[in-house]
Amino acid sequence: MDTKKELVVPRIENGTVIDHIPTEVVYQVAHILGLEKYEDEVLIGNYLSSQKFIRKGIIKVKNKYFTKEELSKISLVAPMASIINIKNYEVVEKLEAEIPDHIENFIKCMNPMCITNHEKIATKFDVVDKENLKLRCHYCEKFTTKETIRFCE
Amino acid sequence: MSTLKGRNLISITDFSKDEYIEVLDIAEEFEKNPKQKILSDKVVATLFFEPSTRTRLSFESAANQLGARIIGFSDPGGTSVQKGESLHDTIVMVSSYADLIVMRNPKEGSSRYASEVSTVPVINAGDGANQHPTQCMLDLYSIRKTQGRLDNLNIACVGDLKYGRTVHSLVQAMCNFNATFHLVSPQELKLPSSVKMSVKNAGLKYYQYTDIKDVIPVADIIYMTRVQRERFPDPLEYERVKDSCILTASMLKGCKDNMRVLHPLPRVNEITVDVDKTPYAYYFRQAQNGVYVRQALMAAILGVR
């Protein structure tokens, strides 16, 4: 039997690999990073075999390195994901998607009566529980959770 | 000089325990002598984007008695808000006309936002279902006034503990004073777990009940709130529980002598009128105390106390 592993998603010369994404959020990760509008190669693999998970998703983005804010976005939906920066086909940096203590601008408050849903105001949250993902709105003081999280367009 | 000069009061957690005490001490001074023209060179803007009786009138009475001039509106109709002006623009403009802004707005978080764009201090007079810190301050004042202290009291909260913002703030504030909480509500209207967590985190105890009679012998304060019919999806359920949170004069036999009944008002039927004549009724005095507390806050924030 041939034990040689086939590389399902091709290597990239320069850019970022987001690995170990839970299968159910792969397309959400692509969406919150705005990859639909990214005008270079984006390779998405899903339901791939994994040692860490039974099945996983992976996204490879050519010629792009993510900002701190973009990494925060990834951490909120895929906290176990690994971020790998590639240069000349070599791994130059491995990062974990770490949930920050404060989040500004990119999450919508789940409270329809919150002022941020009625005026053009940048949202702000304190992360009060990283494990269960619980965000307290700086303005209305209500909690947005994993179940109610929505990203700003 | 007070640490409160130039500060905003948006949420009850904005002030420390010592700062609460400072405001209550100043309020006591105003209770003895409420008419002092110490704000005669100040302009206070009262911006009420939704109707209010007690809060607006007591703020305006407090400012008037201190000699301040009042500008503002009690209804946004007829203002630029009606024409679609943003809250941002309204606040930027008003903060150039006044020394202090008092604001009520139905949008939650609106006062915090106003305080960030205003060049003068902002006092939150209620932002929807979120915070109403001056009500909480006057509740603390009333508790101290009737009990002679704030520490180590048995506080019973009765009625709609789920949606009643005054109860949430009171419980959070009393966590600073080693209170024991007795929570009486229908199952559907229990205190939210986040507020109960504040009690636990402070190392304090709370007990839950469904019948008001059970707390009467232990309470130093009974803080009543309205149970609203519209909170119940099933009208039959409302009918079943509505009487469990009504206080009558006959139920007060066996209460402690020092016990007093508080209510943020308006009441509907949760305190029967026969309670008014008992020595335990304190809710109308509580509303009156609102003037002294608001005088104290305005004077401290404007730096004249």
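**Exercise 1. In this predicted model, find how strands β6 and β7 of chain B pair, and what unit they form with helix α7.**

Step 1. Locate the strands. β6 of chain B covers residues 180-184, and β7 of chain B covers residues 206-209.

Step 2. Read the pairing. The two strands run in the parallel sense and share four bridges.

Step 3. Phe181(B) has Tyr206(B) in β7(B) as its bridge partner.

Step 4. α7 of chain B spans residues 193-201. Together, β6(B), α7(B) and β7(B) make a β-α-β unit, and this unit is right-handed.

**Exercise 2. Describe the packing of helices α1 and α9 of chain B.**

Step 1. Two packed helices are described by the angle between their axes and the distance between the axes.

Step 2. Apply them. α1 of chain B takes residues 17-32, and α9 of chain B takes residues 283-301. Their axes come within 8 Å. The crossing angle is roughly 115°.

Step 3. Assign the hand. The crossing of α1(B) with α9(B) is right-handed.

Step 4. List the contact residues. From α1(B) come Val23(B), Ile26(B), Ala27(B), Phe30(B) and Glu31(B). From α9(B) come Tyr292(B), Val293(B), Gln295(B), Ala296(B), Leu297(B), Ala299(B) and Ala300(B).

Step 5. Sort by class. The contact of α1(B) with α9(B) holds ten nonpolar residues, one polar residue and one charged residue.

**Exercise 3. State how chain B is divided into domains, and describe how these touch.**

Step 1. Domain 1 of chain B is made of 12-131 + 289-301, and domain 2 is 134-287.

Step 2. Taken over C-alpha atoms, the centres of the two domains of chain B are 26 Å apart.

Step 3. Count the contact. Domain 1 of chain B brings 18 residues and domain 2 of chain B brings 19 residues.

Step 4. Name the contributing elements. On the domain 1 side, α1, β4 (122-127) and α9 of chain B each give two or more residues.

Step 5. Sort that side by class. The side of domain 1 of chain B that touches domain 2 has ten nonpolar, five polar and three charged residues.

**Exercise 4. Which strands stand at the edges of the five-strand sheet of chain A, and why is one side of each left without a neighbour?**

Step 1. Write the order. The sheet is open and runs β2-β3-β1-β4-β5 in chain A, with antiparallel pairing.

Step 2. Read off the ends. β2 (42-49) and β5 (90-96) of chain A have a single partner strand each, so one side of each has no neighbour in the sheet.

Step 3. From one strand to the next it averages 20°.

Step 4. Zoom in on one pair. β1 (residues 15-21) and β3 (residues 55-62) of chain A pair in the antiparallel sense over five bridges. Ile18(A) stands opposite Ile59(A) in β3(A).

**Exercise 5. Repeat the analysis for the four-strand sheet of chain A.**

Step 1. Write the order. This open sheet runs β6-β8-β9-β10 in chain A, and the pairing is antiparallel.

Step 2. Read off the ends. β6 (102-104) and β10 (143-145) of chain A stand at the edges; each has a single partner strand, so one side lacks a neighbour in the sheet.

Step 3. Check one pair. β9 (residues 134-137) of chain A pairs with β10(A) in the antiparallel sense over three bridges. Thr145(A) in β10(A) is the bridge partner of Lys134(A).

**Exercise 6. How many residues does each chain give to the contact of chains A and B?**

Step 1. Count both sides. Chain A gives 13 residues and chain B gives twelve residues.

Step 2. Sort the chain A side. The side of chain A that touches chain B has seven nonpolar, four polar and two charged residues.

Technical notes:
Residues numbered from 1 in each chain as written. Chains lettered and ligands numbered in written order. Predicted model: local features only at pLDDT ≥ 70, side-chain atom pairs only at ≥ 80, totals over all residues. Pairing = 2+ DSSP bridges. Axes fitted to C-alpha atoms, helices over the stretch in contact; angles between N-to-C directions. Contact = placed C-beta atoms within 7 Å. Nonpolar A, V, L, I, M, F, W, Y, C, P; charged D, E, K, R; others polar. Left-handed = near helix turned anticlockwise from the far one by under 90°. Domains from an automatic or database assignment. Right-handed = clockwise from strand over helix to strand, strands pointing away.
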